[in-house]
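Colleague: I am new to this structure. Can we go through it in short steps?

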Amino acid sequence: MASKQARLDLDWAADIELLASALESGLLVADAIALLSSRASASWRAHFTQINDQLERDSTLQIALTEFKILASDARFDFLIELLLAHSQLGGKGLVDALNRVAQDHRNRASVRDDISSRIAAIVSVARLGAVSPWVMLGLLCTRSENLSYFASGMGPGVLACGAAVCGLAMVMIGKLSRLPSFSRGIGA
């Protein structure tokens, strides 16, 4: 099952391919974005609707896209908008190919993210088992009455409290270390 970030990457790739297809069929950028505002994936439709609304309010593509880039604050849109602005200013025929490469890059990223997530999940499961296993062993040791006398001594509760603190700290560290980094913005406003 795809993680949330991988799902967003796959939806983004599908939407970018739809944009590339619309542009390849001869639509203008503004018309292609209008198409995306109604046919994009549920994950990104609201953003494309905002771009379309911005395009309808502003007279130029450059102003509308730049204002939306500031509003969205998302690395995916930063790159897409810079690509669309460069194409509108410089022209050329490589926009569709560039969009298809972006879509493929996001499909690859989703695949890698899922692979990494599944590996991290396996490692986290083993780490949690390692943090809990001393307590399972303690429970088994406590089933015999002669073992209880060791924990009833003056140092017994202190040892148990230290063990609980170390295991609690380990669980917190496991949670923090298992998070994947978020998508960073390279082309900010």
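Colleague: Which helix does Gln 54 lie in?
Modeller: A word on the source: this is a predicted model, where local features need pLDDT of at least 70, side-chain atom pairs count only at pLDDT 80 or more, and totals for chains, interfaces and linings use all residues. Residues are numbered from 1 along each chain as its sequence is written, and side-chain values use heavy atoms, with hydrogens and water left out. Helices are DSSP runs (H or I, at least four residues), numbered from the N terminus. By that numbering, Gln 54 lies in helix H3.

Colleague: Is Gln 54 buried or exposed?
Modeller: Buried means under 20% relative accessible area, exposed means over 50%, and partly exposed is in between (1.4 Å probe, protein chains only). Gln 54 has 6% relative accessibility, so Gln 54 counts as buried.

Colleague: Which residues is Gln 54 in contact with, leaving aside neighbours within four places in sequence?
Modeller: Contact means heavy atoms within 4.5 Å. Phe 68 is 14 residues from Gln 54 in sequence, with 7.1 Å between their C-alpha atoms. With the neighbours within four places set aside, the contacts of Gln 54 are Ala 64, Glu 67 and Leu 71.

Colleague: At what angle do the axes of H3 and H4 cross?
Modeller: Axes are lines fitted to C-alpha atoms, for helices over the stretch in contact, and angles run from 0 to 180 degrees between N-to-C directions. H3 spans residues 45–57 and H4 spans residues 61–72. Their axes come within 9 Å, and the crossing angle is roughly 140°.

Colleague: What does that make H3 relative to H4?
Modeller: Angles under 35 degrees count as roughly parallel, over 145 as roughly antiparallel, 65 to 115 as roughly perpendicular and the rest as oblique. So H3 is, relative to H4, oblique.

Colleague: Which residues of H4 do the H3 residues meet?
Modeller: On the H3 side are His 47, Gln 50, Ile 51, Gln 54 and Leu 55. On the H4 side they meet Leu 61, Ala 64, Leu 65, Glu 67, Phe 68 and Leu 71.

Colleague: How do H1 and H5 lie relative to each other?
Modeller: Their axes are 12 Å apart, at an angle of about 20°. H1 and H5 are therefore roughly parallel.

Colleague: How many residues does the largest nonpolar core have?
Modeller: A nonpolar core is a set of buried Ala, Val, Leu, Ile, Met, Phe, Trp, Tyr and Cys residues joined through side-chain atoms within 4.5 Å. Among those with the most contacts inside the largest one are Trp 12, Phe 48 and Leu 99. This core has 33 residues.

Colleague: Which helix gives the most to this core?
Modeller: H1 (4–24), H2 (29–39), H3, H4, H5 (75–90) and H6 (95–141) each supply at least two residues. With 8 residues, the one that gives the most is H1.

Colleague: Which residues does Phe 48 touch, not counting those up to four places away in sequence?
Modeller: Phe 48 is one of the core residues with the most contacts inside the core. Beyond four places in sequence, Phe 48 touches Trp 12, Asp 15, Ile 33, Leu 36, Ser 37, Ala 40, Phe 77 and Leu 80.

Colleague: What phi does Ser 73 have?
Modeller: Ser 73 sits in the loop between H4 and H5. With a relative accessible area of 40%, Ser 73 is partly exposed. Most residues other than glycine have a negative phi. Ser 73 is not a glycine, yet its phi is positive, at about 50°.
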